[in-house]
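Biologist: I'd like to learn how to read strands and cores in a model like this. Can we go through it together?

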Amino acid sequence: MKFLFELMLSMLMLTNGSSGEPLTREDVQSYLKTHHLQYADAKIVSDRSALLVDVKGEYAKASVLTKSADNKLVMQPNEYVWEEDEEGISVETVGRYLCIVIHDKARSHDMDFVNIVYVDDNGDERKDRYYFKGKQSLIIPMPTRKESIVVAIYGNDGFIHDMVKRFPEIMLQQNHL
C-alpha cells in the first residue's frame, strides 16, 4: 500500500507545469476549512500537490491534496496509514519526506524539536533541527540519498526519543520523490 501511495505522489509531482495557478498554503487552508477537516501538518511538495498528515489516536495518515488545471482542489482517494510505537511516536518516510508524528500517548511531553543526524556527502556529520511549535506532526525533507539517519525528538519535560531509521531502498531508486 505504501508503494502505491508513493507512486501516486510521484506521478502527481511529475505533473508540474500544468496550466493553472500553483497550489498555495492559502488554498490548502481554505480547502480544509471549507470541508471541516483538520490535519496535523501540511507541506506543499510541488506546484500542484500538498502532502497532509492526520493523527487519530495511535494511527497517522498521509493524504495528498491536488490542484487541477482548472484550479479545483481535489483530495486524492488513496491514503497511507501507519501506527505509533510503544512510546506514542511514529516516524515514517513518504516519498522523499519524513513524517514525524506525536501521538496522544506522547503529547504530555510537550515536544519542542527534533534533530535529524546524518553523514553528508563529504563524510561530515550533520544535524538539522526542526521545531514543533505546538504542532503534533512535522513533514520535513529527507536528507538526500542517505541509507540511515538518527531521529532524536526532545520534549520540554526532558523526554528524549531517539531512533535510527534505515532506508536502503532510497539508495536503489533512480527517480525518487
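Predicted model: local features only at pLDDT ≥ 70, side-chain atom pairs only at ≥ 80, totals over all residues.

Biologist: What do E7 and E10 do over 5 bridges?

Modeller: Here's the general idea: strands of a sheet pair through backbone hydrogen bonds, either parallel or antiparallel. In this case, E7 and E10 pair in the antiparallel sense, over 5 bridges.

Biologist: In what order do the 3 strands of the open sheet come?

Modeller: The order is E6-E7-E10, with antiparallel pairing. E6 and E10 are at the edges with a single partner strand each, so one side of each has no neighbour in the sheet. On average, neighbouring strands here are turned by 15 degrees against each other, ignoring direction.

Biologist: Now the core. Which residues have the most contacts inside the largest nonpolar core?

Modeller: In general, nonpolar side chains tend to be buried together in soluble globular proteins. Here the largest nonpolar core has 20 residues, and Leu98, Ile100, Ile116, Val151 and Ile153 have the most contacts inside it. At least two residues of this core come from each of the strands E6 (89-94), E7 (97-102), E8 (111-119), E10 (137-141) and E11 (148-155). E8 gives the most, with 4 residues.

Biologist: And what is leucine 98 in contact with, leaving aside neighbours within four places in sequence?

Modeller: Its contacts include Val91, Ile116, Leu138, Ile140, Val151 and Phe167.

Biologist: Which residues are among those of the other core?

Modeller: That core lies apart from the largest one and has 15 residues, including Val45, Val55, Ala62 and Val64.

Terms used
Residues numbered from 1 in each chain as written. Heavy atoms only, no water. Core = buried A, V, L, I, M, F, W, Y, C linked by side-chain atoms within 4.5 Å. Buried < 20%, exposed > 50% of the residue type's maximum accessible area, 1.4 Å probe, protein only. Contact = heavy atoms within 4.5 Å. Pairing = 2+ DSSP bridges. Axes fitted to C-alpha atoms, helices over the stretch in contact; angles between N-to-C directions.
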